Amino acid sequence: MNINPLLRKEFRQRMRTNRAPFVITAYTVVMSLLTFFLLYENVQGQLLPLLPVRSEQVFVILSLLQMMVVALMTPAFAAGSISGERERRTLVVLLTTPLSPLRILGGKILSSSALLGLLLVTTLPLYSLVFLFGAAVPAEVVAVFAFQLFTIVLIATLSVLWSTIALRSGWSTVLSYATVGWMVVVSGAVGYGLQIISRRDPMEFFAAHWAVIFLSLNPLWIEASFETAVNAPAHAWVEFVAFYCVLALLLTLPSIWRLRPQALRKLPAVKRLSEQDYE
């Protein structure tokens, strides 16, 4: 099996450090304590009065909290992928390999997402606790887990692309967290604001329509829709996937140009770069 050599190297480099087991252990311990605390607060030390509705609230809180945590952690692992190579003067060496720009970007994206995906896997046993009280069905947990994994890969993709376009890690980190801020905070705030306006004035169809559009771009709202915690159209997740996939595709072209402009030499308005532009 032909595995991307850059991906193999990144896996070994990231997983052999002391940070990887420390992050996994600390995250699992914190999520475990939070899960047992929420369950205890719902049962008040007794098992009999625990209702499925209350247990479902625990499931929703944990999943949304985990989504926020991994969304904020992903740029920290991915925002300096390419710009860090440029600052360490190792990008030129990487570009001398036979790897194509897409394989370089793909290796960086998957390696940046691997640790976050492992964090999701380690917390799956905690979700199984809600099954004891009938709060959620396996289909909901699978849908939530798959969407969280997709969101991690999506944010890692956008962060790596920003890291390629920006010349410095500082700028790529700012752009990556600005993108996450738009996804998690701005889209939700604007969407709920328009929703409040439409509720006060039922004739405001324009506000109601755009409220759904903005909320469909928020990963927390989409995840809550999988858990039936909010009223959302059945196709809302499709709009989320389509919008951010188009954004990623639009950023891919300048990223390839930054890495290897010769790959786009057939396109108009592509100039030749000197060796200094790779550094």
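1. A residue is called buried when its relative accessible area is under 20%, exposed when the value is over 50%, and partly exposed in between, computed with a 1.4 Å probe on protein chains only. At 58% relative accessibility, threonine 228 therefore counts as exposed. Threonine 228 sits in the loop between α11 and α12, just after α11, and has a positive phi of about 55° although it is not a glycine.

2. The model is predicted: local features need pLDDT of at least 70, side-chain atom pairs count only at pLDDT 80 or more, and totals for chains, interfaces and linings use all residues. Residues are numbered from 1 along each chain as its sequence is written, and side-chain values use heavy atoms, with hydrogens and water left out.

3. The protein chain has 12 helices and 0 strands. Here helices (H or I, at least four residues) and strands (E, at least two) are DSSP runs, numbered from the N terminus. Of the 279 residues in the protein chain, 44% are buried. Among its contacts with a separation of 6 or more, 76% join residues 24 or more positions apart; a contact means heavy atoms within 4.5 Å.

4. Arginine 89, in the loop between α4 (81-87) and α5, has a positive phi of about 65° and is not a glycine. Its relative accessibility is 57%, so arginine 89 counts as exposed.

5. How do α6 and α12 cross? The axes of α6 (residues 101-122) and α12 (residues 236-259) come within 9 Å, at an angle of roughly 110°. Axes are lines fitted to C-alpha atoms, for helices over the stretch in contact, and angles run from 0 to 180 degrees between N-to-C directions. The two helices are therefore roughly perpendicular, a label for angles of 65 to 115 degrees; under 35 is roughly parallel, over 145 roughly antiparallel, and the rest oblique. Pro101, Leu102, Ile104 and Leu105 of α6 meet Thr252, Ser255, Ile256 and Leu259 of α12. These residues divide into 6 nonpolar, 2 polar and no charged.

6. Threonine 164 belongs to helix α8 (residues 138-165). Its relative accessible area is 0%, so threonine 164 is buried. Not counting residues up to four places away in sequence, threonine 164 touches Ile82, Arg86, Leu105, Ser255, Arg258 and Leu259.

7. A nonpolar core is a set of buried Ala, Val, Leu, Ile, Met, Phe, Trp, Tyr and Cys residues joined through side-chain atoms within 4.5 Å. The largest has 34 residues, and Ile104, Met183, Phe240, Tyr244 and Leu259 have the most contacts inside it. Two or more residues each come from α3 (52-78), α5 (91-95), α6, α8, α9 (169-200), α11 (219-226) and α12. Helix α8 gives the largest share, 8 residues. Another core, of 22 residues, lies apart from it and includes Leu39, Phe59, Val70 and Phe77.

8. Is leucine 217 buried or exposed? Leucine 217 is buried, with a relative accessible area of 9%, and lies in the loop between α10 (205-215) and α11. The C-alpha atoms of leucine 217 and phenylalanine 240 are 5.0 Å apart, although 23 residues separate the two along the chain. Beyond its neighbours within four places in sequence, leucine 217 contacts Trp182, Met183, Ser187, Glu239, Phe240, Phe243 and Tyr244.

9. Helix α11 has 6 of its 8 residues buried, so the helix is largely enclosed by the rest of the structure. The buried residues of α11 are Pro219, Leu220, Trp221, Ile222, Glu223 and Ala224. At the start of α11, a side-chain oxygen of asparagine 218 comes within 2.9 Å of the backbone nitrogen of leucine 220.

Notes: Ala, Val, Leu, Ile, Met, Phe, Trp, Tyr, Cys and Pro count as nonpolar, Asp, Glu, Lys and Arg as charged, and the others, Gly among them, as polar. A polar contact is a pair of N or O atoms within 3.5 Å; within protein, one must be able to donate a hydrogen and the other to accept it, and residues adjacent in sequence count only if both atoms are side-chain atoms.
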